[in-house]
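Hi,

Here is the structure I promised to pass on. Have a look at it first, then read my notes below.

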Amino acid sequence: MSARHLTPDEMVERVFPVGEDPAPVPMHLAICAECQHRVARLREGLLIDRGALTGIVEALPEEFWRAQARAVMERVRAGAAPVPLVPFPSRLKRSIFRRPALAVGSLAAALVLVAALSILGPGRQAAVKSEPALARATPAAAAPTELSPADRADDELLRAVDRMLSQDVPQSDLLPEGV
Amino acid sequence: MPTDPPTDESRPAREADPLREKELEQIRRVRAGEVDAFEYFVRTYQRKLYRLVLSLVRDGAEADNVTQESFVKAFRALPDFKGESSFETWITRIAINAVRDRARRKKPVVSFSDLAAAEDEGSSDVPRAIEPTDGTSPERDSLSREIRRRIGEALTALTPRQRAVFVMKHYEERTIAEIGAATGLDEGTVKSHLFRAARKLRQRLEDLR
């Protein structure tokens with residue numbers, strides 16, 4: 001008796017042969033119960049899997065096949081047009097409708113951007129550069145009356161948003177116009 | 001319920017093949033503008049194609065989509081069908097390419113374990129698989145299910161082409177020549193893919209006892 005058990009490659013070759021002709025049975029396999037068991041388990045797994053897939057298909061009701069054929073023929077008759085791609089704005093609109101949080105998040109991100117631009121805008125950058133001069137300035141120099149028109153508009157926008165958020169308005173009011 | 005059509009090899013010579021003649025006639029009708037004649041191909045091959053695709057994608061809804069998509073693609077490409085192979089071989093190739101394209105677009109495919117879990121919960125769109133067990137013991141059944149799950153997982157780890165070749169050989173029991181015709185690969189390449197697939201499976205199933 002050959003003492004060498006089948007290698008994993010030999011075992012797989014027994015169950016999943018590459019060629020079409022049956023491979024000769026190794027002498028060892030004919031007499032080794034352990035190797036026979038291992039090959040049998042693997043073969044059983046394949047057969048069970050194959051049988052289960054066939055079972056799934058055979059268990060499908062006739063209505064499934066009719067519906068599938070009907071769906072294919074409808075697409076074929078309709079010129080087999082592919083599913084039209086939804087234009088980007090509509091897609092965005094649809095996703096915002098489905099997820100209002102996305103709209104609120106987008107609005108918040110936009111506000112942060114506006115605020116950042118307000119702080120780091122050209123006028124502000126100049127102010128930051130001349131920090132010592134600012135430190136020497138009188139309190140009156142920083143009074144709201146001296147804000148530039150652009151800064152004032154930004155300030156008003158931020159206050160308006162603050163008011164809206166503090167009033168607990170419905171999320172739909174926060175959606176951009178036309179959404 | 002219609003049965004699966006015979007494969008190319010089991011048919012007699014081309015000239016005397018009534019099935020082939022009928023298919024060519026149906027193709028002529030479709031090309032002449034009789035769109036409804038295409039339903040013949042859908043009804044004849046939908047089961048076989050669906051089973052192949054299901055073996056590859058292992059998800060019922062996905063298999064349905066790919067099967068439908070394959071037929072629609074076949075209809076669109078019918079003017080280019082030269083009739084050198086059978087319609088079955090041709091549509092099989094279309095389906096395999098569709099599976100491969102989907103796998104590229106959407107990774108990973110639904111794993112076999114997901115399908116098995118859905119079956120266990122009875123919530124899948126696909127009817128519960130018929131589990132061929134010997135009924136000797138729950139332990140044995142459980143072990144069989146485990147082996148099946150492991151084989152499924154090992155299959156999903158193969159490349160789409162290796163999986164297609166492997167499934168056609170060991171699940172569909174097609175010949176190397178048929179696989180070559182359906183995949184557009186020469187026989188040597190088919191064998192090479194089979195060998196690589198088997199080797200990968202071996203690595204994944206090495207600890208099975």
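What follows is a short tour of what turned up, chain by chain and then contact by contact.

One thing to keep in mind from the start: this is a predicted model.

Let's begin with the overall build. Chain A has 10 helices and zero strands, and chain B has nine helices and zero strands. Burial is another thing to look at: 25% of the 179 residues of chain A count as buried, while in chain B buried residues make up 51% of its 209 residues.

Next, the salt bridges. How many does the structure hold over all chains? The count is 18. One of them pairs the side chains of A:Glu62 and B:Arg47, at 2.7 Å from N to O. A:Glu62 sits in helix 4 (residues 62-77) of chain A and B:Arg47 in helix 2 of chain B, so this pair joins two chains. A:Glu62 is partly exposed, at 24% relative accessibility, whereas B:Arg47 is buried, at 7%.

Staying in chain A, A:Arg70 and A:Glu63 meet through their side chains in a salt bridge of 3.3 Å, N to O. Both ends are partly exposed: A:Arg70 has a relative accessible area of 43%, and A:Glu63 comes in at 37%.

Over in chain B, there is a salt bridge between B:Lys48 and B:Glu88, with the closest N and O atoms 3.0 Å apart. This one links distant parts of the chain, as B:Lys48 is in helix 2 and B:Glu88 in helix 4 (residues 87-105), 40 residues apart. Here B:Lys48 is buried, with 8% relative accessible area, and B:Glu88 is buried too, with 5%. Chain B also has a network: B:Glu62, B:Glu69, B:Lys73 and B:Arg102 are joined by salt bridges that share partners.

Now for the cysteines. In case the term is new, a disulfide is a covalent bond between the sulfur atoms of two cysteines. A:Cys32 is buried, at 4% relative accessible area, and A:Cys35 is buried as well, at 1%.

Most residues other than glycine have a negative phi. B:Arg58 is not a glycine, yet it has a positive phi of about 60 degrees. You'll find B:Arg58 in the loop between helix 2 (39-57) and helix 3 (60-77). B:Glu173 has a positive phi too, near 55 degrees, and lies in the loop between helix 7 (160-170) and helix 8. Are these two buried or exposed? B:Arg58 is buried, at 0% relative accessibility, but B:Glu173 is exposed, at 56%.

Last stop: the surface. A:Glu20, A:Asp21, B:Asp186 and B:Glu187 form a negative surface patch. Of these, B:Asp186 lies in the loop between helix 8 (176-183) and helix 9 (187-205) of chain B, and B:Asp186 is partly exposed, with a relative accessible area of 49%.

Happy browsing!

Definitions and conventions. Residues numbered from 1 in each chain as written. Chains lettered and ligands numbered in written order. Predicted model: local features only at pLDDT ≥ 70, side-chain atom pairs only at ≥ 80, totals over all residues. Heavy atoms only, no water. Buried < 20%, exposed > 50% of the residue type's maximum accessible area, 1.4 Å probe, protein only. Patch = residues over 30% accessible without salt bridge, like charges linked within 9 Å, V, L, I, M, F, W, Y side chains within 5 Å. Areas by Shrake-Rupley, 256 points an atom, 1.4 Å probe, with all protein chains shown as cover. Salt bridge = Lys/Arg side-chain N within 4 Å of Asp/Glu carboxyl O. Lys, Arg positive; Asp, Glu negative; His and termini not counted. Charge placed at Lys NZ, Arg CZ, Asp CG, Glu CD. Helix = DSSP H or I, 4+ residues; strand = E, 2+ residues; numbered from the N terminus.
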